[in-house]
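Thanks for coming. Please have a look at it first.

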Amino acid sequence: MSKNAYAQSGVDVEAGYEVVERIKKHVKKTERLGVMGALGGFGGMFDLTELDVKEPVLISGTDGVGTKLMLAIQYDKHDTIGQDCVAMCVNDIVAAGAEPLYFLDYIATGKNEPEKLEQVVKGVADGCLEAGAGLIGGETAEMPGMYGEDDYDLAGFAVGVAEKSQIIDGSKVAAGDVLLGLASSGIHSNGYSLVRRVFEDYTGDEILPELGGKALKDVLLEPTRIYVQALLPLIKQNLLHGIAHITGGGFVENVPRMFADNLAAEIEEDKIPVLPIFQALEKYGNIPHDQMFEIFNMGLGMILAVAPENVEAVKALLDEEVYEIGRIILKEEQSVVFK
């Protein structure tokens, strides 16, 4: 068999080496306290003894970005999709009270194109920087026959740490707590099977009247907001009773995840700052209005349950507009009630 047998089967080992060399500079900039070792080992290492945490509890999360990847491939824009992957993981663990420590990514592709994969990893590194997480490892797999030459998949895994006494598990949420919403950057990274169906006949270059002069593709690929730096000071001061990350399932599925079964969220719909892209989706997709809240974040990516006496302190610490959208009530029938 030829010495290039592996290459003849569709796997370019040299391209894989080039990817590693290209991404080293992006990985380097994510180093933080606790990161050990160098890129290229068999396992990423992190030293917990470097941290000032008395009773450390590790909290982990894993996710991908769904079919938003198909739009990144279609529009040939790959430098922000990595941030989406990081965001979907770190936003989940910070909702449990964890400070992200490190992140690992996994990229599978039909053909290893070093320049494109470098852009993907650059986005991952940018997201890690924003989250304060070290990018300590990952894997790139070239899998011809499994994926088309232009296709790739992306998933990630994050680990964070919380003081045992500061874990947010919903047990403190009580009737009377105020619901505060933090703005999303756009659709974030869920619902894209529906999004793609609604806009399947569009090129992406269209400037829809609802979108304020932005090209459709730029709005659809707007990266998911990372909430870590906004939320950590509130967590460390014990100002939050509950946090809901609004992802797949929208308000209806995610808000009840932060409180007990005997409680419900009463939400004033007119207080939600609905983004133009959701108005466009509802209009062009002919989607029933109530279903929009079962699928999308509608403009709020995080919802916080806060004791009434702490609301002003929370607002003062957040350097952004905070939306007071409702309160926690005793449950009668539904877990989420819109007014």
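Start with aspartate 76: is it buried or exposed? It is exposed, because its relative accessible area is 57% and the cut-off for exposed is over 50%. Keep in mind that this is a predicted model.

Where does aspartate 76 lie? It is in a loop, with helix H3, residues 68–74, on one side and helix H4, residues 81–94, on the other.

Next, a patch of another kind. Tyr6, Val13 and Tyr17 make up a nonpolar surface patch. Together they have about 330 Å² of accessible area. Take tyrosine 17 from that group. It sits in helix H2, which covers residues 13–28. Tyrosine 17 has a relative accessibility of 52%, so it counts as exposed.

UniProt, in an unreviewed entry, gives residues 57–162 as "domain: PurM-like N-terminal". In the model, that span is 37% helix and 37% strand. How far apart are the end C-alpha atoms of residues 57–162? They are 5 Å apart.

The unreviewed UniProt entry also lists "domain: PurM-like C-terminal", at residues 175–337. Here the model has 31% helix and 20% strand. The C-alpha atoms at the ends of residues 175–337 are 14 Å apart.

That is all I have.

Note on methods:
Residues numbered from 1 in each chain as written. Predicted model: local features only at pLDDT ≥ 70, side-chain atom pairs only at ≥ 80, totals over all residues. Heavy atoms only, no water. UniProt positions renumbered as here; feature names shortened; annotations may be inferred. Helix = DSSP H or I, 4+ residues; strand = E, 2+ residues; numbered from the N terminus. Buried < 20%, exposed > 50% of the residue type's maximum accessible area, 1.4 Å probe, protein only. Patch = residues over 30% accessible without salt bridge, like charges linked within 9 Å, V, L, I, M, F, W, Y side chains within 5 Å. Areas by Shrake-Rupley, 256 points an atom, 1.4 Å probe, with all protein chains shown as cover. Salt bridge = Lys/Arg side-chain N within 4 Å of Asp/Glu carboxyl O.
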